Amino acid sequence: MSAQKEIVIVGGGVIGLCSAYYLSKAGHKITIIDKSDMLSSCSIGNAGMIVPSHFIPLAAPGMIAQGIKWMFSSESPFYVKPRLNFDLASWGLKFYKAANTAKVEQAMPALRDISLLSRRLFDDLSNDQDLAFSFEGKGLVMLCKSEQTLEEETHVAHQANELGIKAIVLNREEVWQKEPDLKPDVIGGVFFPGDAHCYPNAFVQSLLVSVQKQGVKIIRNTEVKGFTTTKDKIDAVITDSEHIRADEIIVAGGSWSSQMVKTLGLSIPIQAGKGYSITLDQPSVNLNYPSILCEARVAMTPMAGKLRVGGTMEISGINSDINLKRVAGIIKSVPEYFPTMSLQMPKTEQIWSGLRPCSPDGLPYIGKSRKYKNLIVATGHAMMGLSLAPATGVIVQELIDGNKPSVNIDLFSPDRYN
């Protein structure tokens, strides 16, 4: 075991909590600072999917053309709110430069490796007596209504198999065998047997309880205002009420990370991608398998007897506004795939929304800063925060202890835009 260090983690979402979990087990003294009560983070209301199948980054060829088409529909799964904003324009230009075949092919093995590491770690976590989060390694079904979409997903399946991620193309009857009670109205799909899912509310809550048992100090409802530095080192984290000294600082503040590190003269481009979900506590009929409705870009996950339905990627700045037209698009898509399943438009207070931190190239930021020798950044996971959280936590612990990371993180460098 390495020498004990005083570590401050800025951000108490699933990335910060997983980092605290592994660091505290390695013998370090941890303080987490979060600006919220830690009951409503982006980690709580997501689809709960653990998805090595998602090895293609968001910035992929064709995404820009598709995104422009979606821009003109109020209920589409993707929307960028037009506004005069330098950060948004700069992020958009970087996204455009990243959305090419060469960069995507370079990114796929890196995403595969960190995803498979995380998937293995979830198996380990599910055996931790302190953690109970309804983990199931059943796989994931991608459902396709059109020939074109099935062709595209079949191509992804071939890429997956070449990368060592098992994928099975299904015809309609084989999809029906997966969901005999619902008989989805699709022409086929792709099954990824290596994927898994959990109940993220329970995962985050049990992580929180576990790290507190290990002695992690939690400071809630406290905003980080800046940092004090000496040359190439951060000395302390500044909050409204105190300066908190630390040997190592980890920035895991999700969509707020970009603004946070600007005070340090660092550029970590992030746009907040808002997603929505609703959770049916007692669905009259439930899915056997987590599913993604491909054309609609909607995720449906059975979890702990409930059914969660979520989707959209709305780039509209950091705010908590709920766009009911986007939610209506999610609700309307469900019976198009499951004709016997009719969802009612929920009341506004039943709708969860969260801000996913999106980097322009679709890759997370995980690594040490070149400018400050005791700063580690762990953010920018977009829709993969829950899925990649255990691997990110282990990598952070390895970096703190001076060990070689379990997977190659060169492409995830937080300095790539500095």
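Rings of Phe, Tyr and Trp (for Trp, its six-membered ring) count as a pair if their centres lie within 6.5 Å; planes under 30 degrees apart are called stacked, over 60 edge-to-face, and the rest tilted. By this rule the count comes to 8 aromatic pairs.

The model is predicted: local features need pLDDT of at least 70, side-chain atom pairs count only at pLDDT 80 or more, and totals for chains, interfaces and linings use all residues. Residues are numbered from 1 along each chain as its sequence is written, and side-chain values use heavy atoms, with hydrogens and water left out.

**First stop: Y21 and Y22**

Select Y21 and Y22. Their ring centres are 5.0 Å apart and their planes stand at 85°, so the pair is edge-to-face. Both Y21 and Y22 are buried, a term for under 20% relative accessible area, with exposed meaning over 50% and partly exposed in between (1.4 Å probe, protein chains only).

**Second stop: helices α1 and α7**

Display α1 (residues 14-25) together with α7 (residues 200-213); the two pack at an angle of about 35°, with their axes 10 Å apart. Helices (H or I, at least four residues) and strands (E, at least two) are DSSP runs, numbered from the N terminus. Axes are lines fitted to C-alpha atoms, for helices over the stretch in contact, and angles run from 0 to 180 degrees between N-to-C directions.

Now select V14, L17, C18, A20 and Y21 in α1, which meet F203, V204, L207, L208, S210 and V211 in α7; contact means heavy atoms within 4.5 Å.

Select F191 and Y289, an edge-to-face aromatic pair with 5.6 Å from centre to centre and 80° between the planes. F191 belongs to strand β7 (residues 188-192), whereas Y289 lies in the loop between β14 (271-280) and β15 (291-293), 98 residues apart. F191 counts as buried at 7% relative accessibility, and Y289 is buried with a relative accessible area of 18%.

Elsewhere, K145 lies over the face of Y337, at 5.5 Å from the ring centre.

**Last stop: E153**

Finally, select E153 in helix α5 (residues 147-163). E153 is buried, with a relative accessible area of 15%. Leaving aside neighbours within four places in sequence, E153 is in contact with M142, C144, V190 and C294.

Notes:
Lys NZ or Arg CZ within 6 Å of the ring centre and 35° of its normal.
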